[in-house]
Amino acid sequence: MTGAHELWFSRPAAEWTEALPLGNGTLGAMVFGGPHTERLQLNDGTAWSGSPASEDVPPRVDPATAAAALTEAREAIERADYAAADRALRRLQHRHSQTYLPFADLVVALSGEGAVGDYRRSLDLATATHTTAYRLDGAEVRHRTFISHRDAVLVHELVSAAPGGVALTVALSSLLRAEAAPAGDGTLGLLLTMPADVAPSHDDWAEPVVYSDAPGASLRGAVALSVEHDGTAVPAATDAAAPALRIEGASRVVLRLATATTFAGIARTPEGTAEGAHAAAAERVRRAGSRTVDELHERHVAEHSALYARTELQVGSPVDAPLDERILSGNAHPGGPIAADPALAALAFNFGRYLLISSSRPGGAPANLQGIWNDSLQPPWSSNYTTNINVEMNYWLAEATDLPECAEPLYDLIDGLARTGRRTARELYAAPGWVAHHNTDVWGYTLPVGYGTHDPKWAFWPMAGPWLVRHLWERVLHGGSDEFACTRAWEPVRSAAEFALAWLVEQPDGTLGTNPSTSPENQFTTPDGGIGSVARSSTYDLVVLADLFDILVGLADRLGRSDDPIVRQARAARTRIPGPRIGREGLVQEWADDFDYPDPTHRHVAHLYFLHPSDWRPDPALHAATSRSLDARGDESTGWALAWKLLMRTRLREPEKASALLRLFFRDMTVDRGPWIGGVYPNLFCAHPPFQIDGNFGLVAGLAECLVQSQWGTLDLLPSVPAELGTGRVRGLIARPGIRVDLEWSDESGEPRLVEARLQATGPSGEGTHVVRCGGEERIITLGGDAVLLTPDLFQPELADGTRRT
């Protein structure tokens, strides 16, 4: 079991991407496991630069300028002057979304440089506990670290068997503007000020990090730490921004730490002071101090296990070797990492679920580009929410692997964007409803980014809303209640459809389309040999808007609101939106015009949205064109794109293609392979590169769909299992419309064969009759309150007497 639920190393972390992550949904830590100096790099998921006022920093485009720019762009597109359309749309651009920040560092430095032996550091996924154990000059030393969601504290325990104990210094510091909080007996703290503005690292700014004392311009925060020990406290060298405590002769030291900020919710103005945040954090530490470490750990494990233990993948045999060595050894295997070590796939699956549990919990902020783990003031892409694939991919696993609670912060972000995006829809597009573009943050930023200089291929994309609300619909499809449909899904979906109806324009043939239109981050070759990114009716636009209208109609039918005027308009408009077109080379066209592309292997495949994340079942011609389109794009890509292609190949029932993608996904990224070539770092974090967590989450969703699919009205068992997975079992996958699936299979015959499956309705929506498909055979199964066991003989095409089973 350790092979599927433990990451371990035989050496300390030398790089951030070798450290191991802990988190409770808000408080995060990267643990390095240094034997002489232990570093815990800390994050608070609510610590961002700026505030809602950031969206009003000039220059914000006025409605008249926006209307003129749109008219100019549309007219330019009609005459195929794509460069002029590009220039016009740049006039809509504001500045940038805000940045997710590092919070603090906690360092435990032991005196001396004693000899280290028998070293091992590990992360137990099942208990969310980090352990570092070694001998220091022959004496056993053990560190145990965990972050409790239930008690909202980080606990770090050090135990030493050294005669006379150890001497050590405990210190806090931060990259933010910091000062020491008032200290008591055995306590340390920091008062922090977040910047009012942080520019993206890829933009050249003279002053990229700006602080402000203006009220409401930025967050304040704090760290509170208590130090319990059996040694002697002595004066420690310290300064006003890095408080420290020196302890001598200790055999046991326990640190309890909490963080807090003045964050008051998505898209809401900060409330409070740094001193108030420190008081809140110190109270959590005080309450935790009334319990022993073992009591805190027991409470932590019980709460974590209630989520983590719901679902588990097991393939291959457990491998008791350091993770970095497993990755390197697998990469040296001619068949690839998973052929060499199938259990590595199970570990990555379980690790991905662990990461979502650790980075996204109700009441907190959603997981961003790096989850909740970041050590830089200017992280790549601001470690923000990128809405043209990345934040959505973070949550694809939530329904399929039974973590619906973890998606609640995403719903909060959607609610926030639906509020702030009304102003943007009104001012930029003179439209009702709400709109958001390709970058956002915890303040609900909805404007196009770019300062008037960025390429519209990413900066102009008013289509985030329809993609985001797909997640609300997935909750409904996977057993969500009528109350959820009514109170969480209805208004954001309906309002997004309002904007969509206003945005669609009638085409010369009477159909509806979009103009101007981009296809996320891709470009095309213009008739004059130039490069463009803005044209008419990208396939993504048409598919996602049709999907949005289908979702609205489905919600209305469920809630008895079919006579709602927006629903009626959406139903009528849906019939006028053309489906995906197949171009002259047999590929799915990316725009209404059949362009050539300067980068035919581009990483984004949003024009295939209908296959995934939507649930259209392509007819044979579109199926073939979709497969050819993926072939033309090629397998090679960033980490997240490999995961997305894996999902698409599984839906096309192409397990051999899924195998090729798995081989690439687990590449060793200690080697510099270039900016658009993904893989995994030694700690199993996914590389864009650099690190982006979306690939970790997308892989989980892809592996789940290799084993169970339910998007086309049937429950498909083992639809697209890569050969490398061999024999295995999975427990706790969730299929539409709310069915828990436990599954075991064997590959003794050279291909996956069902051993047994157990189905159970998760609630009333999953009860009734369902079509179950396995090995090309379909059967009707009735589910009530009890589980139903399915065995291979049920799916044999013939009965024992040779007659055809019906």
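I take two strands as paired if DSSP finds at least two bridges between them, and I use helices (H or I, at least four residues) and strands (E, at least two) as DSSP runs numbered from the N terminus. The model is a predicted one, in which local features need pLDDT of at least 70 and side-chain atom pairs count only at pLDDT 80 or more, while totals for chains, interfaces and linings use all residues. Residues are numbered from 1 along each chain as its sequence is written, and side-chain values use heavy atoms, with hydrogens and water left out.

**Entry 1: the four-stranded sheet.** I looked up the bridge partner of Leu 715 in β33 and found Val 772. Strand β29 (residues 715-717) and strand β33 (residues 768-774) run parallel and share three bridges. Both belong to an open sheet of four strands, ordered β28-β29-β33-β34, whose pairing is mixed. Its edge strands, β28 (708-709) and β34 (777-783), each pair on one side only.

**Entry 2: strand β5.** Strand β4 (residues 37-44) pairs with β5 in the antiparallel sense over six bridges, and Leu 40 stands opposite Leu 106 of β5. Strand β10 (residues 166-173) is also antiparallel to β5 and joined to it by six bridges, with Leu 172 of β10 standing opposite Leu 106.

**Entry 3: the nine-stranded sheet.** I traced an open, antiparallel sheet of nine strands in the order β1-β6-β7-β8-β9-β18-β15-β12-β11. At its edges stand β1 (6-9) and β11 (177-180), each with a single partner strand, so one side of each has no neighbour in the sheet. Neighbouring strands are turned by 15 degrees against each other on average, direction ignored. Within this sheet I followed strand β8 (residues 139-148) to strand β9 (residues 153-160), which run antiparallel and are joined by eight bridges; the partner of Ser 148 in β9 is Val 153. Helix α4 (residues 274-288) packs on the sheet and touches β9, β12 (187-193), β15 (220-229) and β18 (252-261), where contact means heavy atoms within 4.5 Å. The direction of α4 makes about 145 degrees with that of β18, with axes fitted to C-alpha atoms, for helices over the stretch in contact, and angles running from 0 to 180 degrees between N-to-C directions.

**Entry 4: helix α8.** I checked the length of helix α8 (residues 343-359): at 1.5 Å a residue its 17 residues should span 24 Å, and its end C-alpha atoms are 24 Å apart, which agrees. The expected span is 1.5 Å times one less than the number of residues. I noted that 17 of the 17 residues of α8 are buried.

Terms used: Buried < 20%, exposed > 50% of the residue type's maximum accessible area, 1.4 Å probe, protein only.
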